[in-house]
Amino acid sequence: MAGLSGILEWAFLVPLLMVISFVVVGLAGTRLKRLEYGGWIAVLFAGAALVVGVLVAAAEMLSPGQYVNVQYTWFQLPPAAGTFPNGFRLVAGTLVDPISALMLLVVTVVGFLVMLYSIEYMHHDRGLARYYAELSLFLAAMTGLVIANNLFEFFLFWELVGVCSYFLIGFYYEKPSAASAAKEAFLVTRVGDVMFLLGIFLYFYTYALAGPGNGWAASGFVFTNGNQPFLAGAMGGNSTLLTVAGIMILGGAAGKSAQFPLHVWLPDAMEGPTTVSALIHAATMVAAGVYLLAVTSLFLGFTATDQLLIVAIGGFTTFFAATMAVVHSDIKRVIAYSTISQLGYMVLAVGAGFAMVGLFHLFTHAFFKALLFLAAGSVIHAIGTQDLFKMGGLRKPMRITAAAFAIGGLALAGIPPFAGFWSKDDILGGVYSQLGTHPLYWPFFLLAFAAVFLTAYYIFRAWFLAFSGDGPRDPTLPHAHEGSWVMQVPLIGLSALAVGSGLLIFWPNFQSLLLNGAGAAGIPPVFGPTDLALSGISVTLGVAGILLAWRLWGNGRVYVLPESSWAQPVRRLLLNRYYFKVGYDWIGQRGVYSVARAADFVDQFVIDGTVHGFERMFAALSERLRRIQSGVVSDYAAYVVAGLIAVFVLLLLVAPYLVTLVGGA
Amino acid sequence: MDLGSFAGPFLPEILLLAGTLFIFLLDVVGVRSTERVGAVAVAVTGLALLFVIADLGFAPLAFLATIPAGQIDAAGTGSALYAFTSLGLIFQAVFLLATFLVSLASLSRPSQDRGAPIFFGLLVLATLGMLLVAIASDLVFLLLAIEVTSLATYLLVGYTRKDPRSLEAAMKMYVIGALSTTLSFFGASLLYGAYGTTNLAAIAHVGGAGGVPVLVLLGYGFLIVGLAFKATLVPFHAWAVDVYDGAPTDVTAFLAGGSKKVGIFAFFLVFLAPILFVRTGTGSPFANGAIALGPILQITLGVLAVLTMTVGNILALLQKEMKRMLAYSSISQAGYMLIGIAVGTAPALAGATLQIFAHVFMKGAAFLLVAGVTAWGIGPLIDDYRGLGTRRPVVGVAFALMLLSLAGVPLTIGFVSKFVLFSAAVQAQGYFVWLAVAGLLNSALSVFYYARVLRVMFFEEPAAEKFPAGAIVGGSGPSELPAGGFGYGRAAAIAIAVIAIVAVGIYPQPVLGAIQAAAQHFVAVGA
């Protein structure tokens, strides 16, 4: 298929199309009332991007294992003697390889369907031109990130993804809760971003300056050298620094992918439109974190310590987030917690050394998670509430939605042959095969296993609450109805993918696509139900979860936990989300802000106080001087003396002492 | 040497001097309108800028070159008061650019404004002093040149004579400036005592071998303090915020975009030579009768740099007024620039120079924009900018680009300069890596206060819509912005700045390459 492979060099068209869409809709959207304020234009561009995305993925799948790198030098630093023999440059370029092709497919498919679905879902909202423009930019940023060929460009798009998510989560910015959720998402992921930046910096420092990695830095952090990926093992470098660099990258990924302890922002990000949630949870924002981990794992490699840490974060988050999903009554929040939990599985897989398996789960998850969100959106669109306890009996008026949600739920719960089963089973099997690596792998493996049961329980609790029974518990709700074809097509399409995307694993070409992504790094991939016993247990857990949900909530039943029950404190703990948000707010208010205020205090009172002391001294020296000058200026003069003394202490005492300690430059 | 070949290289300076005198002459004969006087200032600075760019070797303008090629970057003879270095010429270009933009923008002020000849005349005069700083190669010449520009700026700050805040600011600046000049000259006299010369090239030739250790250290110490005032380094920054806040905003644009950089370049000139006095090996820097001056100065300047950017950033975070926030942000930017000389390698100087170049467009233009917006009746608080981005999208986007560039967001010039600067610090290894880390963390911190302005501009409803028009609740701006924009001059200045921010951000190589080459020569000649 040499003919089709030519498309791989044109992958940049995908982000470019979406940028054009952003510009066109942003500039002209408000004047295009007939076209849903530019919505249909955005759909058109997203469709074109989808075509390119599918062609790229097809070209890569039909002859797997191609690395097509196109790049231009952005700017260059000259070589300097000794420390920097090869100089350094930043490049702008695209790299299409098995993993970016896979991701490009996910983002363009989900992006297009969400865009189409928005046409009806958002119809009654204000500010639609802004919405479609921002959504276009969001997709541009994400697809740009996916095909970035170097770490710096990756970071650039990463930040752009963050900014777009800030805008979109805060879309209903008149609502204080939405504005605050947007800010929270921005701030929390910002913590991760700073860590990511430090991580890049450390990789730069260790690989650029300390040994054979010099070529890598000189080339501008690119992931590939011709058609060979750069590999950590080949580059050397100080292993302690590399471990710290890996931890920083993990921090960045944890921020974006809402992993413990930076998970708090994602459930609150529900304040944005449901379509945005679908996009964020399935294909864009949170996927970026896992993608970063996978790319780093494949191209740069993690040290064993990092891997253990990643396994721990992933495994723990999987369970931790699932427990919170069990008690919530907001349909979107339940799905949000499930996203955090599922991302935990992906992180776990990367940590255990199976980056491609993690990406396989990302691939299947994108479809069934988008499906769940759009189905939930369909419900919300129809009856105008997100409270599960007000819903009920919706399966009759909304057959397609009910079926779609059920398919998504079965995929999420890991029931074969739905998509989630294949990828989740691969992860569990993979981690199982690595249990000998370190004894600490065990507890996190068990947590991840236990989460299978919780997952099946909470998602079917939501299904039974919303769709089973005779009718809504809140009789004031409007009569439910299915949306038009614009909303149904994405639901049906994603339902098909929620079944079929997992089965792709039986296609040899898809297998070798995953193999080629991972095989180059020398990591044995795991495919299919390698261990039947393991699969049996996980499916049994899943079915048990569904049965429990049916027992407690099926047929319109509502289970009320007795007030005297031992589980009440646990329930309260879960409802309050382990008090994490309260804690962070406290740290933010009392910690960060008070440091700033303390600095202000020092500036105003301590320094000024000292200054006033000097001032009195000056005043005593010359009453006359004081009469000419304003008090404030004599403050400054005293300030000068204080500063002078400080500089001389630094210059004459501190600096020579430090020079003695560390030696000359 | 005939007069022509002596005076030729000074054509830009002569042009500015003539411009100043001509403007004052216009005042005497009664031509006082902003447009006419301003046009003279714009013309002379623009023309001088073209000469300097030609001297830098920009081929299409080669016919305007005034300095024979052999005189640029020639090794110092140890006697001359001045020397033409390509880095110095780049700084001349930066200074002229700042003045050019400020004069251009000031054309848009009401034509009946009193004091236009004084404003433009002093502006050009101050710029003349700055050009002289850029070619100085002798301590006394350098400090006198700084005085020329300082005296003009004191008057500039208070030129309106009506506003007590401006007058107070001018008074403060004068007292502090006089004090700092005294300290600088005292330091220079100590160095003269130690080295027997005030010529910078001669001091560089003597190297670490000569000099009386105590006098050398004290001399450089006083110079650090004296120049730290000009460059607004912490803890000598306190005057700057009051002055930036109190001065007429167009003057503030000049102070932040132009005259402050004089202090930074003076640091380059004075401290490059001693920083290159390195004695290898460990142990006390005072061992064997000589001093390893380099590391001591580098650590001192490095600490000042970190202190300046951190304190500037933290205090900027707390400001409620736009001008004060920008003023503190200026202080923190001075910290980044100081990294260049603390590291002292050619790439680091190049990074700092690019940062200074960028700062003209980011901060200078930001103040120009604030001045224009203030003329619309928008108040001094950051909250007064509510909804500006939605009411005036072009102005909002321009301001946003400047702030994003200040924050160092990629695809803006601010990103390129910070990247070059920090990677140079990494490249120098050793404890300089920490300067880069401090710079990175500070950049991340600074995003918060810039982002706050963006949020206010684009995501918050204008206060005027919340309250009935004319109500003084919240002390905010007018319910209706006046029709029309900033006026052509100001709009053009801001447009130039925005184009530069984006163009150099996307395609930095031409500017970056020129600056890198100049920095290489500067270090090679200075060593």
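These questions and answers walk through a predicted model of chain A.

Residues are numbered from 1 along each chain as its sequence is written, and chains are lettered from A and ligands numbered from 1 in the order in which they are written. In this predicted model, local features need pLDDT of at least 70 and side-chain atom pairs count only at pLDDT 80 or more, while totals for chains, interfaces and linings use all residues.

Biologist: How many helices does chain A have?

Modeller: Helices are DSSP runs of H or I with at least four residues, and strands are runs of E with at least two, numbered from the N terminus. Chain A has four strands, and its helices number 26.

Biologist: What percentage of chain A is buried?

Modeller: A residue is buried if 20 or more other C-beta atoms lie within 10 Å of its own, exposed if 12 or fewer, and partly exposed in between, with C-beta atoms placed from the backbone. Chain A has 665 residues, and the buried share is 57%.

Biologist: Is Tyr579(A) buried or exposed?

Modeller: Tyr579(A) sits in the loop between helix H23 (568–575) and helix H24 (580–621). Within 10 Å it has 11 other C-beta atoms, so Tyr579(A) is exposed.

Biologist: How many residues of helix H12 are buried?

Modeller: H12(A) covers residues 274–282 and is largely enclosed by the rest of the structure. Its buried residues include Val276(A), Leu279(A) and His281(A). They pack against helices including H4(A), H5(A) and H16(A), where contact means C-beta atoms within 7 Å. The buried count in H12(A) is nine of the nine.

Biologist: Are H3(A) and H4(A) roughly parallel or roughly antiparallel?

Modeller: Axes are lines fitted to C-alpha atoms, for helices over the stretch in contact, and angles run from 0 to 180 degrees between N-to-C directions. The axes of H3(A) and H4(A) lie 8 Å apart, at an angle of about 155°. Angles under 35 degrees count as roughly parallel, over 145 as roughly antiparallel, 65 to 115 as roughly perpendicular and the rest as oblique. H3(A) is therefore, relative to H4(A), roughly antiparallel.

Biologist: What is the orientation of H18(A) to H20(A)?

Modeller: The axes of H18(A) and H20(A) come within 6 Å and cross at roughly 40°. That angle makes the orientation of H18(A) to H20(A) oblique.

Biologist: Which residues of H20(A) meet H18(A)?

Modeller: H18(A) contributes Ala419(A), Gly420(A), Phe421(A), Trp422(A) and Ser423(A). Their partners in H20(A) are Ala498(A), Val499(A), Ser501(A) and Gly502(A).

Technical notes:
Contact = placed C-beta atoms within 7 Å.
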